[in-house]
Amino acid sequence: MSQVHVILDSTANVPPQLLEKWCNLHVVPLTVLLNNRQINESELSAADLFTLIKETGDHPKTSQPAPGDFAALFSTIHNSGDSAVVITLAGSLSGTVQSAKIAAQMAGSKNIFVVDSGTTAIGMVQMAEQALAMAAAGAEAGCIAAEIEKMAGATHTMFVPATLEYLHKGGRIGGAAAVFGAILQIRPILYLREGKVAVLDKVRTRTRAIARMTEELKNYPDFAYISVVAIEAKEEALILQQQIQQLYPQIPVLFGEGGPVLASHLGPGLVGLIFQEK
């Protein structure tokens, strides 16, 4: 009997227990480039990354998987007569989705479906869990991919970085914005709109920025889930998770952490929300 495989890229930061539970769940890694070293994201933690940055004084860069990184896995799946649903981070943030699509064409299979999640981290994990549950219930890959695309359209991502330094060095904001933002203690609330990074609001102080992000939830009628995401800000994020759970006692409020690739572009101390409308 053929099987539906679910494939994520490593920015999902998949919990190890999920990989242990599902033999048809796979992760294709992105790469962190630091001090002339290429490091598989799956072999590094965000904490390790920031330690290396301090030790080397170098700023990290990242690299998407090459089509060949997907192709080997796709070839095995195709030759086994199986199918696959690939869920990647937002296409405007990385060329990973294009690499996956090129590899799918190379494999020559009509049973490999690539979905741009429009988000990353735990948002991708939630999509994968839905895909795995549907596959276990006997759904075909095409039906699963269509459902994941609906989830992607209903998923929202916003975040408050602790520093603008990483966004500046990564080319996301200009030097003047970074300098004046630091001097005036301006905290931007950023969000993904159709996969692109945009500014939701700018406020003074981190406390106000996180409160403003939480207030934004009031603009949505109902949720399938809400998740708090952190990069080296776990304690603060867990407190926020408790606060949101009190506000929405009937909604699952989850917690997840960003991995090294996201950390390379956003820096330590980030707190964000990823949530899906019902």
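Two strands pair if DSSP finds at least two bridges between them. I also kept in mind that helices (H or I, at least four residues) and strands (E, at least two) are DSSP runs, numbered from the N terminus.

**Ground rules**

I am working from a predicted model, in which local features need pLDDT of at least 70, side-chain atom pairs count only at pLDDT 80 or more, and totals for chains, interfaces and linings use all residues. Residues are numbered from 1 along each chain as its sequence is written, and side-chain values use heavy atoms, with hydrogens and water left out.

**Entry 1**

I started with strand β3 (residues 31–34), which is joined to β4 by four bridges, the two running antiparallel.

**Entry 2: the four-stranded sheet**

Next I followed the open sheet with the order β2-β1-β6-β7, where the pairing is parallel. Here β2 (25–28) and β7 are the edge strands, each pairing on one side only. Neighbouring strands are turned by 20° on average, direction ignored. I found five bridges between β1 (residues 4–9) and β6 (residues 83–88), in the parallel sense; L8 has I87 of β6 as its bridge partner.

I then asked which strands helix α3 lies across. They are β1, β2, β6 and β7, and α3 runs at about 175° to β1. Helix α5 (residues 121–136) lies across β1, β2 and β6, also at about 175° to β1.

**Entry 3: α3 against α4**

I looked at α3 (residues 67–79) again, this time with α4 (residues 96–107): their axes come within 8 Å and cross at roughly 40°. That makes α3 oblique to α4, since angles under 35 degrees count as roughly parallel, over 145 as roughly antiparallel, 65 to 115 as roughly perpendicular and the rest as oblique. The crossing is right-handed, meaning that the near helix is turned clockwise from the far one by less than a right angle.

For contacts (heavy atoms within 4.5 Å), I noted F70 and F74 among the α3 residues, and I102 and M106 among those of α4. By class, this contact has ten nonpolar, three polar and no charged residues.

**Entry 4: G108**

G108 sits in the loop between α4 and β7 (112–116). Is G108 buried or exposed? I read 55% relative accessibility, so G108 counts as exposed (buried is under 20% relative accessible area, exposed over 50%, partly exposed in between, with a 1.4 Å probe and protein chains only). G108 and S75 are 33 residues apart in sequence, and their C-alpha atoms are 8.8 Å apart.

**Entry 5: β9 and its partners**

Last, I checked β9 (residues 186–193), which is antiparallel to β8 (residues 155–160) over two bridges, with F159 partnering L190. Eight bridges join β9 to β10 (residues 196–204), again antiparallel, and P188 stands opposite K202.

Methods. Axes fitted to C-alpha atoms, helices over the stretch in contact; angles between N-to-C directions. Nonpolar A, V, L, I, M, F, W, Y, C, P; charged D, E, K, R; others polar.
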